[in-house]
Amino acid sequence: TITSYFVFLPFLAIWLDKANKVLHKEIVFPWKLALKPQKPFYSLVEVPINNKNSKIIRFFVGKGNI
């Protein structure tokens, strides 16, 4: 379970299994108390939503879903 309770900017959370396959992805907005994917996961990648990471964000969530 992760939290964004004291995070002030949104980010993309990508939960992975042991083979680095994507189990769940979600844009996490500030001040969420708890977020957890449905399936057990092995690792988590957090990608800040900014211009530098725009290609990564579009790849995972699409152009109009931010």
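**View 1. F41, a partly exposed ring.** F41 is partly exposed, at a relative accessible area of 32%. Partly exposed lies between buried, under 20% relative accessible area, and exposed, over 50% (1.4 Å probe, protein chains only). This is a predicted model: local features need pLDDT of at least 70, side-chain atom pairs count only at pLDDT 80 or more, and totals for chains, interfaces and linings use all residues. Residues are numbered from 1 along each chain as its sequence is written, and side-chain values use heavy atoms, with hydrogens and water left out.

**View 2. Six aromatic pairs, with Y5 and W31 as one of them.** The structure holds six aromatic pairs. Y5 and W31 pair edge-to-face, 5.2 Å centre to centre and 80° between the planes. Y5 lies in the segment before β1 (11–16) and W31 in the loop between β2 (22–28) and β3 (43–48), so the pair ties together parts 26 residues apart in sequence. Rings of Phe, Tyr and Trp (its six-membered ring) pair if their centres lie within 6.5 Å; planes under 30 degrees apart count as stacked, over 60 as edge-to-face and the rest as tilted. Strands (E, at least two residues) are DSSP runs, numbered from the N terminus. Y5 is partly exposed at 38% relative accessible area. W31 is partly exposed at 43%.

**View 3. W15 against F41.** W15 and F41 pair edge-to-face, with 6.4 Å centre to centre and 70° between the planes. W15 lies in strand β1 and F41 in the loop between β2 and β3, so this pair ties together parts 26 residues apart in sequence. W15 is buried, at 0% relative accessibility.

**View 4. An aromatic cluster.** Y5, F6, F8 and W31 form one aromatic cluster.

Conventions
Helix = DSSP H or I, 4+ residues; strand = E, 2+ residues; numbered from the N terminus.
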